[in-house]
Amino acid sequence: MENCLFCRILRGEIPSAKVYEDEFTYAFRDINPMAAVHCLVIPKTHVDSLNGLDGLTDRQLAACLHACREVARLEGVDKSGYRVVSNCGDDACQSVHHLHFHVLGGQKMHEAMA
Ligand code: AMP
C-alpha cells in the first residue's frame with residue numbers, strides 16, 4: 001500500500017529498529033514503547049487489521065504468531081512472560097491500519113497496556 005506507514009517501513013523508506021525478519025513477517029521496536037520490551041510484528045502482506053484476515057494465507061498468519069514467540073525469545077522475555085496484543089478498529093484505538101501484533105514484556109504488565 002502506497003502510503004501505509006508499515007508498508008513504507010517494509011520498503012525501507014522509513015527507518016526502523018529491526019528485531020527479526022523471515023519470509024512472511026518483519027519485527028521492529030515500537031517507537032513509543034509502553035513497556036521495557038515493546039516490539040511490533042507485522043505481516044509483509046498488507047491487510048488492515050484482524051478484520052482483513054481473509055487477505056492472508058493460514059501460513060502467513062501462523063508466521064505472525066511464530067514471529068511473536070521468536071521476538072520474545074530474542075528479547076529475553078520468553079521465560080519471564082510477555083503479552084501479545086493486536087488492536088482492531090476505533091474502540092481498540094488502532095492507529096496504524098496495517099495488521100500488527102504488539103509484543104510487550106520485561107516488566108509486570110498492567111491490565112490495559114497497549
Ligand atoms: P496501534 O495503536 O495498535 O495501531 O499501534 C501502532 C503502534 O505503532 C504504536 O504503538 C506506535 O507507537 C507505533 N509506531 C508508529 N510509528 C512508528 C514507527 N515509525 N516506528 C515504530 N513504531 C511506530
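A polar contact is a pair of N or O atoms within 3.5 Å. With that in hand, turn to the ligand. The structure is a predicted model.

**Contacts of the ligand**

Cysteine 93 uses its backbone instead, where an N or O atom lies 3.3 Å from an oxygen atom of the ligand. The table sets these pairs side by side.

| Residue | Part of the residue | Distance to a ligand oxygen |
|---|---|---|
| Cysteine 93 | backbone N or O atom | 3.3 Å |

How much of the ligand does the protein bury? Taken alone, the ligand exposes 510 Å², and the protein buries 83% of that.

**The pocket and its shell**

The ligand takes up the space of the largest pocket. Two elements give two or more residues each to the shell: helix 1 (5–10) and strand 2 (25–29). Helix 1 supplies the largest share, three residues.

There are 16 residues around the ligand. Asp30, Asn87, Ser95, His100 and His102 come nearest. By type, the shell holds eight nonpolar, six polar and two charged residues.

**Aspartate 30**

Aspartate 30 sits in the loop between strand 2 and strand 3. Is this residue buried or exposed? Its relative accessibility is 15%, so aspartate 30 counts as buried. The cut-off for buried is under 20%. Lysine 18 is 12 residues away from aspartate 30 along the chain, and their C-alpha atoms are separated by 10.0 Å.

**Cysteine 93**

Cysteine 93 lies in the loop between strand 4 (82–85) and strand 5 (101–105). Its phi is positive, about 65°, although cysteine 93 is not a glycine. Cysteine 93 counts as exposed because its relative accessibility is 62%. Exposed means over 50%.

**Histidine 38**

Histidine 38 belongs to strand 3 (residues 37–43). At 5% relative accessibility, histidine 38 is buried. Which backbone atom lies 2.9 Å from a polar atom of the side chain of histidine 38? The backbone nitrogen of methionine 34 does.

Notes: Residues are numbered from 1 along each chain as its sequence is written. This is a predicted model: local features need pLDDT of at least 70, side-chain atom pairs count only at pLDDT 80 or more; totals for chains, interfaces and linings use all residues. Side-chain values use heavy atoms; hydrogens and water are left out. A residue is near a molecule or strand if one of its heavy atoms lies within 4 Å of it. A polar contact is a pair of N or O atoms within 3.5 Å; within protein, one must be able to donate a hydrogen and the other to accept it, and residues adjacent in sequence count only if both atoms are side-chain atoms. Accessible areas come from the Shrake-Rupley method with a 1.4 Å probe; for residues, only the protein chains shown count as cover. On a 1 Å grid over the protein atoms alone, a cavity is a set of points where a 1.4 Å probe fits but cannot get out, and a pocket is an open set with protein on both sides within 12 Å along at least five of seven lines; lining residues have an atom within 4 Å of a point. A molecule sits in a cavity or pocket if more than half of its atoms lie within 2 Å of its grid points. Helices (H or I, at least four residues) and strands (E, at least two) are DSSP runs, numbered from the N terminus. Ala, Val, Leu, Ile, Met, Phe, Trp, Tyr, Cys and Pro count as nonpolar, Asp, Glu, Lys and Arg as charged, and the others, Gly among them, as polar. Buried means under 20% relative accessible area, exposed over 50%, partly exposed in between (1.4 Å probe, protein chains only).
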